[in-house]
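Please open your viewer and get ready to click along. We will go from the whole chain down to single residues.

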Amino acid sequence: MHPQIRQEGPGTCPICGMALEPEEPSLDDAPNPELVDFTRRWWVAAGLAVPLLALTMGTELLGLHPMSPGVSRWVQLALAAPIVLWAGAPFFMRGWTSIKTRHLNMFTLISIGVGAAFIYSLVATVAPGLFPPNFRTMGGMIPVYYEAAGVVIALVLLGQVLELRARAATGKAIRALLNLAPKTARRIEPDGSETEIDLNGVQAGDRLRIRPGEAVPVDGVVIEGKSSVDESMLTGEPLPVAKETASVLTGGTVNGTGVLVMEARAVGSDTTLARIVKMVAEAQRSRAPIQAVADRISGWFVPVVIAIAAVTFIVWSLVGPEPRIGHALLNAIAVLIIACPCALGLATPMSIMVGTGRGAQAGVLVKNAEALQGFESVDTLLVDKTGTLTEGKPKLVAIMAIGPTTEDELLALTAAVEARSEHPLAHAIVTAANERKLELGEPEDFEVQVGLGVSAKVGDRTIVIGNAAQMDRVKIDANPLSDAAEAKRREGAGVMLIAIDGNLAGLVAVADPIRANARAAIEELRKQGLRVIMLTGDNVTTAQVVADAVGGIDGVHAGLKPEDKARIVRDLKAAGAKVAMAGDGINDAPALAAADVGLAMGTGTDVAIESAGITLTKGDLAAVVRARTLAKATMANIRQNLFFSFLFNGIGVPVAAGVLYPVTGLLMSPMFAGAAMALSSFTVVMNALRLNRVNLY
């Protein structure tokens, strides 16, 4: 509840009095020492509270008198003293600390209420003559309330035990992530032998063997073998991903049926899995703006409750039925016990903890709670084209040969030249040639004509590749293919003309395929009330083709520079829009930082991820839908928790004060108040845990 509090080792928070949580759960965590201690204290308290309650209730309700009233109160003292003085000792210590530090909290109320009941009863037992006649009952005895003090301590302990167990479940998402990494790795030594080593012993550059069904130990690349890898822990997607030489591997993912040899690139705290665990842990400790409401109320809540308890005591002692002092004391104690600011304080952080953990399981990594709350209220989503609406991996979509050159020959010569090129479209051409198992020659005299294309010699043939201006440069007429080239451009493809030995030989067209789920994702986002606008540095024709293909795009801005994207974000915000920006490149970083909420696609650059409030490890719009669903579910859960807390205290405190007595003749026992108080915090935690079952797919 107070993440700013830090200390070495376990202890209690000086503000709220509750046990401090480890910053990051680990697999070697010992059992929660507070849970172990409170469980032991509860068993003792419960064992003594049952006969204590039976003795008093048997006398009051059933008229049974197994012993004289004088002996009975000494037996009650013997049963209640260990409960209050030993089992309840942590509550009194925390209550005293809260008074010394002027941070009044739940334990302030418990210690005052229980302490008043026990001390009053103790004095009435040891020195009854100190009390005036109007304190006595019809039988002339001073009533005692040991059962109220003892049973309340037992019930509060039970509530704390249940709450601690439930709170432990909020860290299961991180522990599940930690469990994904294997404990050992198989290192291939320089002589080819294998050695099984501890994961902490893996160094960057080590060669590691991964057998079928084993988890990938660290981040790296495949240097030998082929297989499919289950990356669902990273992306939330169940379908395995094919891996071959040069493919990237992420630690914690699971190898399929093949054997892979990898080279370790990132180890220890530098792995993707370690960074995800750290991000989730930091998000779970962050505070959402909505928590400020609970903080303001908690600041004056306890003093107001103490004042209400004091007024309750005064009113009942003046105008209540006999025995007035007894009714006054019990009702004041009930007010103190039932008012639980703990539930109010837990309402937001419990939901944030569980929600961010659930998001991590689905590939939605929240940097802080503010981003999660902000994304719920967003009404405009700006998306980059490449890698978000499209796959970000260009593919050869058409090849057209004219003259004596065949398609395979044209592709083989073109790929041989493009193998030397660093242009994004060159890789698609080389990949297509390899898929057709074409033999590529070795290019010579390779040259780049900036803004035009490339040229080289392959064997005894001169190859020129590029746009129409490139053909003009070498005095080749490109008109025979101009109509075909324009048709492919209208379909959103990039077109390259090819000339061989001074003659136009054909063209190749490369396009970035639309993501299969883009249309469905945009439809879902629009159903959730979002405007979707595309921002891209690509040309207008290609951008519009993509927009038409996915449908539902409310606006297209093409030919943009990074500063243009940031300017559009600022303009939309100035017009009153709540803006989220989704992107994956360095050029998206200014817009991600300027938006109300930045969504970095996990396939993107570190700069983009650092600039964003939410990272989506699966770089497509379906992940944006998951993030939006998570944000709405988490914020709804927080509001439910706050409602429960306000409703509970709004009804419980007046009833405990006795406002219903004139109408119904009913009063709330401090024991019932203790049970209700314990239940309130437990209810908030259990409601937060429901977020683990939110369907994000």
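Here is a short tour, one selection after another.

**Before you click.** This is a predicted model, in which local features need pLDDT of at least 70 and side-chain atom pairs count only at pLDDT 80 or more, while totals for chains, interfaces and linings use all residues. Residues are numbered from 1 along each chain as its sequence is written, and side-chain values use heavy atoms, with hydrogens and water left out.

**Select the whole chain.** In cartoon view you can look for 25 helices and 22 strands; these are DSSP runs (H or I of at least four residues for helices, E of at least two for strands), numbered from the N terminus. Of the 697 residues, 51% count as buried, that is, under 20% relative accessible area with a 1.4 Å probe and protein chains only, whereas exposed means over 50% and partly exposed lies in between.

**Next, select Val624.** Which residues does Val624 touch, not counting those up to four places away in sequence? They are Phe375, Leu381, Leu525, Leu599, Met601 and Leu616, where contact means heavy atoms within 4.5 Å. Val624 is also among the residues with the most contacts inside the largest nonpolar core, which has 118 residues. Such a core is a set of buried Ala, Val, Leu, Ile, Met, Phe, Trp, Tyr and Cys residues joined through side-chain atoms within 4.5 Å. Its largest share, 13 residues, comes from helix 23 (residues 621–657). For a second, separate core of 26 residues, select Val458, Ile465, Ala505 and Val510, which it includes.

**Move to residues 106–126.** This is helix 4, with 21 residues, reaching 30 Å from its first C-alpha to its last. Helix 4 is mostly covered, with 15 of its 21 residues buried.

**Step on to Gly129.** Gly129 sits in the loop between helix 4 and helix 5 (146–169). Is Gly129 buried or exposed? Gly129 counts as exposed because its relative accessibility is 65%.

**Finish at Glu231.** Glu231 lies in the loop between strand 5 (227–230) and helix 7 (232–235). With a relative accessible area of 11%, Glu231 is buried. Show side chains here to see the polar contact between Glu231 and Lys243 (2.9 Å); a polar contact is a pair of N or O atoms within 3.5 Å, and within protein one must be able to donate a hydrogen and the other to accept it, with residues adjacent in sequence counting only if both atoms are side-chain atoms.

Conventions
The expected span of a helix is 1.5 Å times one less than its number of residues.
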